[in-house]
Amino acid sequence: MAASGAQATLSYRLNNQAVYDSDANLMWLRDANANGAMNWSTAMAWADGLSIGGVDDWRLPGGPMVAYGYNQTTSEMGNMFYNVLGGTAGRSITTTHSNATNYDLFQNIQSGVYWSGVEFLSGQVAWSFDFSDGFQARYPEGTNLFAWAVRSGDVGGNPVPAPGTLALLGAGLLGWAGVKRSRHRVGAVIG
């Protein structure tokens, strides 16, 4: 199943356990609350240890998280909230999202704060994103917040080779066959 929004095209991957965003080239865990609330170091370890369908390079969302506030769409979670799901600043994503088709592809999106993988002050504070109102902020790392795993790139799709790739492959095979045929003829004349 695929859904198209103004800014994102989403489709299921890994036996419907993940959702791929082709515009951002990110794959999100379909279950946005797979392990409950946890502190930052536990969330980092959980994402790092996650393996689904042989894919084990999961992490917490990142991206440029350099400013507090609403409408911070450069971070991966900000992009998810505002662009992919159609969230509105100051309103919970669970009740207000202009892209219900994309929203419905996910499970257990919480109206609460999610950890990012971006630390602000080593051992003390990390960036977060609040899906209850679209606000990006920082929290003490010992606070229990939600975690949503993501990974860069696509797996499990059906990639179609570009036409140029197929032409190059075909030319290489024809050249290889021609060389093999030439060697066979030379050997017949000499022997």
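Student: How many aromatic pairs does the structure hold?

Tutor: This predicted model holds 14 aromatic pairs.

Student: How do I read the geometry of one, say the rings of Phe81 and Phe129?

Tutor: Look at the centres, then at the angle between the planes. Planes under 30 degrees apart count as stacked, over 60 as edge-to-face, and the rest as tilted. Here the ring centres of Phe81 and Phe129 are 5.5 Å apart and the planes meet at 55°, so this pair is tilted.

Student: Which parts of the chain does that pair link?

Tutor: Distant ones: Phe81 belongs to helix H2 (residues 76-84) and Phe129 to strand S6 (residues 125-130), 48 residues apart.

Student: And are Phe81 and Phe129 buried or exposed?

Tutor: Both Phe81 and Phe129 are buried.

Student: What about the rings of Phe106 and Trp148?

Tutor: Try the angle again. Their planes stand at 85° with centres 5.3 Å apart, so Phe106 and Trp148 make an edge-to-face pair. This pair also joins distant parts of the chain, 42 residues apart: Phe106 is in the loop between helix H3 (100-103) and strand S5 (113-121), while Trp148 is in the loop between strand S7 (135-140) and strand S8 (150-152). Phe106 and Trp148 are buried.

Student: Which residues form one aromatic cluster?

Tutor: The cluster has Trp28, Phe81, Tyr82, Phe106, Tyr114, Phe129, Phe131, Phe146 and Trp148 as its members, so you can find both of our pairs in that list.

Student: Where does Arg138 lie?

Tutor: Over the face of Phe120, 3.5 Å from the ring centre. The charged end of Arg138 also sits over the ring of Trp127, at 4.9 Å from its centre.

Conventions: Residues are numbered from 1 along each chain as its sequence is written. This is a predicted model: local features need pLDDT of at least 70, side-chain atom pairs count only at pLDDT 80 or more; totals for chains, interfaces and linings use all residues. Side-chain values use heavy atoms; hydrogens and water are left out. Rings of Phe, Tyr and Trp (its six-membered ring) pair if their centres lie within 6.5 Å; planes under 30 degrees apart count as stacked, over 60 as edge-to-face and the rest as tilted. Helices (H or I, at least four residues) and strands (E, at least two) are DSSP runs, numbered from the N terminus. Buried means under 20% relative accessible area, exposed over 50%, partly exposed in between (1.4 Å probe, protein chains only). A charge sits over a ring if NZ of Lys or CZ of Arg is within 6 Å of the ring centre and within 35 degrees of the ring normal.
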